[in-house]
Protein chains: 2
Amino acid sequence: MKQNVLIIGAGGVAQVVAHKCAQNNDVLGDIHIASRTLSKCEAILESVREKAAMKREGVLEAHQVDAMDSKAVAALIGKTGAQIVINVGSAFVNMTVLDACIETGAAYIDTAIHEDPTKICETPPWYGNYEWKKRDLCAEKGVTAILGAGFDPGVVNAYARFAIDMMDEVKSIDIVDINAGSHGKYFATNFDPEINFREFTGTVYYWEDGQWKEKKMFESGRDWDLPVVGTCRAYQSGHDEVHSLATNYPEADVRFWMGFGEHYINVFTVLQNLGLLSEQPVKTAEGLEVVPLKVVKAVLPDPSSLAPNYEGKTCIGDLVKGTKDGKDFEVFVYNVADHKEAYEEVGSQGISYTAGVPPVAAAMLIASGEWDAKTMKNVEEMDPKPFFSILDRIGLPTRVQIGGLGGEDKAWDA
Amino acid sequence: MKQNVLIIGAGGVAQVVAHKCAQNNDVLGDIHIASRTLSKCEAILESVREKAAMKREGVLEAHQVDAMDSKAVAALIGKTGAQIVINVGSAFVNMTVLDACIETGAAYIDTAIHEDPTKICETPPWYGNYEWKKRDLCAEKGVTAILGAGFDPGVVNAYARFAIDMMDEVKSIDIVDINAGSHGKYFATNFDPEINFREFTGTVYYWEDGQWKEKKMFESGRDWDLPVVGTCRAYQSGHDEVHSLATNYPEADVRFWMGFGEHYINVFTVLQNLGLLSEQPVKTAEGLEVVPLKVVKAVLPDPSSLAPNYEGKTCIGDLVKGTKDGKDFEVFVYNVADHKEAYEEVGSQGISYTAGVPPVAAAMLIASGEWDAKTMKNVEEMDPKPFFSILDRIGLPTRVQIGGLGGEDKAWDA
């Protein structure tokens with residue numbers, strides 16, 4: 001039984017994590033939040049207090065830490081007595097925070113793969129380049145590390161596992177992520193633009209016929225007719241979970257599809273073609289060295305500013321195909337979330353909500369012992385049912401369509 | 001009889017001016033070129049020598065000068081013995097260079113109105129805000145100043161005057177500027193992007209029914225069926241010559257139409273809506289203060305780099321409507337120029353060519369005495385016929401279509 005949570009990061013997802021931890025502090029114990037900028041942590045705690053989110057009286061504290069400094073993170077773990085660390089800081093700090101957990105024995109949870117700030121696009125299998133190199137050490141020391149436990153990666157990995165468990169054999173996993181919401185701005189990204197654009201400026205890697213294949217972004221698009229949000233166009237993109245699912249289910253084709261409207265693609269294409277999404281500095285006529293992407297980030301709306309006016313729904317799910325009892329079998333496992341409801345509950349938009357709720361569910365499963373693996377795991381390696389049970393209860397219910405898209409629609413456990 | 005030319009500026013237009021002055025140094029005498037960056041002047045002189053452009057042996061010299069420093073310009077006029085100054089520097093230096101001419105008695109020629117770097121868009125009548133305030137002083141001192149003597153403004157003002165001279169009464173002047181050429185790049189501006197975009201980020205002022213009216217950029221577009229280039233879409237824009245023509249012909253409606261392809265408009269619209277065309281500095285997450293427009297300029301191709309691969313033609317002309325002998329009468333006065341021919345002759349693209357040839361024609365008319373007005377004039381106040389005669393000879397022949405667009409097509413003096 002592990003207790004007391006340290007949240008690393010103070011962005012939009014961290015805000016959701018803090019609210020959800022507070023709502024479940026009877027299970028999780030003390031709640032600490034730490035980032036480079038103390039005032040951002042304090043603002044999040046203020047919002048938790050405003051919504052009276054704490055289930056019972058308890059510790060709720062903000063701290064300053066440089067998460068790139070592993071020793072400082074380890075010291076903070078020691079000082080706070082946290083046994084569970086939820087890392088929702090920038091994708092550049094995974095390895096230093098993980099090292100601090102290995103050092104102290106705290107359980108580690110994150111929601112995205114480690115990235116090297118100097119690289120745009122890693123080569124497959126991503127986790128193998130950084131996190132998985134520490135797997136043996138985690139096992140040896142009995143340290144629990146649950147990788148990629150956001151929505152995608154995270155919940156969608158559990159969806160895949162759940163669907164595959166219904167089958168004799170899996171043939172393909174197509175993950176579809178549609179945000180059918182509208183923020184009312186000319187253009188904005190739902191996450192930090194620097195991270196958001198990086199997802200789409202690199203090569204699209206996917207797993208097909210037992211091997212890695214490559215496409216360009218926006219090269220392959222198709223319309224998906226989905227529950228609630230209707231027909232939406234999505235494009236094959238690279239995404240973390242393709243890499244772990246392809247490793248754990250090499251017999252299945254694994255693809256990720258991200259929904260984009262024509263307007264988003266147009267703006268993205270203009271910026272990319274002009275070179276404005278580059279992280280390589282350019283020099284102005286006046287001799288100033290500037291990274292164009294940082295200027296684009298500076299002119300775009302702050303993602304957290306979108307929340308109050310965000311309307312509409314997201315639909316994220318897995319279409320999994322295989323065989324059962326000798327016959328073809330398909331199932332679509334999915335969740336629909338609502339931007340406005342997310343804002344009313346935790347003051348965040350739906351994209352942050354879907355990313356921030358699952359790692360709290362994972363933390364609760366570590367606290368209860370059900371997911372306290374004492375080694376490093378991706379989400380599809382864990383039993384999905386207790387995860388879905390908690391997600392149902394804390395805001396992200398799982399539904400299935402048996403027979404594939406448009407099939408009999410019901411709760412996962414109905 | 002004035003002689004010896006000092007060219008201010010060393011950009012793409014200055015290169016054309018230098019070549020054309022050299023080709024006509026029997027009339028113009030010594031040729032001097034000066035800008036902030038001496039090496040840019042020297043590169044232009046090198047290109048003049050490469051093409052063996054000098055008509056006869058003579059002085060061809062480069063100088064360094066800060067054109068914002070009126071006394072330094074006056075000193076250079078004194079040192080070089082220049083009696084004619086062709087100012088094709090940035091639009092921010094008009095007034096200091098004009099002051100130096102008034103101080104020294106040299107004739108002044110420019111190709112665009114003065115701009116205040118801190119303002120995006122002046123209010124009408126533009127010339128009235130700066131240049132025309134010096135008109136009395138020019139007259140008093142007998143200083144010749146020919147304002148806006150590029151193509152547009154410049155040649156198109158002479159086209160209007162020529163057409164109006166054929167009529168009893170003028171009703172409207174529509175100036176149409178189409179660049180039907182292609183530079184083969186994803187996106188580029190033909191002039192310095194900072195100046196180019198400023199033309200389209202402000203209010204579109206035009207003169208109709210005896211008063212100034214306003215539109216937004218791209219609000220009003222129409223297809224024009226033009227000689228050689230065919231049907232092209234152009235949009236009402238603000239432009240210098242609207243302001244002087246409206247003052248000199250207040251009875252006529254005066255509008256300016258600039259041709260834009262859908263791709264240009266799309267890129268422009270994305271950049272403008274995102275705030276990337278702003279001259280107001282933004283602060284990056286790292287605290288660096290940056291003017292977005294300067295970063296856009298840094299990532300775009302250098303306009304002079306477009307010349308070698310530029311293909312296709314420009315068509316710029318005036319559709320002038322009025323009455324003659326009691327009946328409605330229309331005439332279209334125009335020029336067609338070719339990017340490739342311009343590059344072969346002077347190493348520049350067609351847009352720089354059309355802007356750079358006319359001020360040299362004006363200088364030749366000042367040298368001959370025909371346009372040595374001893375006061376300040378806009379081009380429509382001068383006799384257009386000797387101007388057309390020189391332009392015919394040095395690369396920009398004038399044609400007319402009697403009866404309006406699609407009418408009987410002939411040389412202006414046929």
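How many Å² does the accessible surface of chain A come to, and what share belongs to carbon and sulfur atoms? About 15600 Å², with 46% on carbon and sulfur atoms (Shrake-Rupley method, 1.4 Å probe).

Before you click on: this is a predicted model, where local features need pLDDT of at least 70, side-chain atom pairs count only at pLDDT 80 or more, and totals for chains, interfaces and linings use all residues. Residues are numbered from 1 along each chain as its sequence is written, chains are lettered from A in the order in which they are written, and side-chain values use heavy atoms, without hydrogens and water.

Select chain A and switch to cartoon. You'll find 14 helices and 19 strands (DSSP runs: H or I of at least four residues, E of at least two). The C-alpha trace spans about 60 × 55 × 40 Å along its principal axes.

Now colour chain A by burial: 58% of its 414 residues count as buried, meaning under 20% relative accessible area with a 1.4 Å probe, protein chains only.

Next, pick out the charges. Chain A carries 39 positive and 60 negative side chains, and the centres of the two sets lie 1 Å apart. Lys and Arg are the positives, Asp and Glu the negatives; His and the chain ends are not counted.

Finally, bring in chain B. Here 28 of its residues are in contact with 28 residues of chain A (heavy atoms within 4.5 Å). The two chains bury about 2100 Å² between them, 77% of it on carbon and sulfur atoms; that is accessible area (1.4 Å probe) lost on being put together, summed over both. Select Tyr186(B), Leu274(B) and Val299(B): they supply 27% of the area chain B buries against chain A, more than any other three residues.

How values were computed
Buried means under 20% relative accessible area, exposed over 50%, partly exposed in between (1.4 Å probe, protein chains only). The place of a charge is taken as NZ of Lys, CZ of Arg, CG of Asp or CD of Glu.
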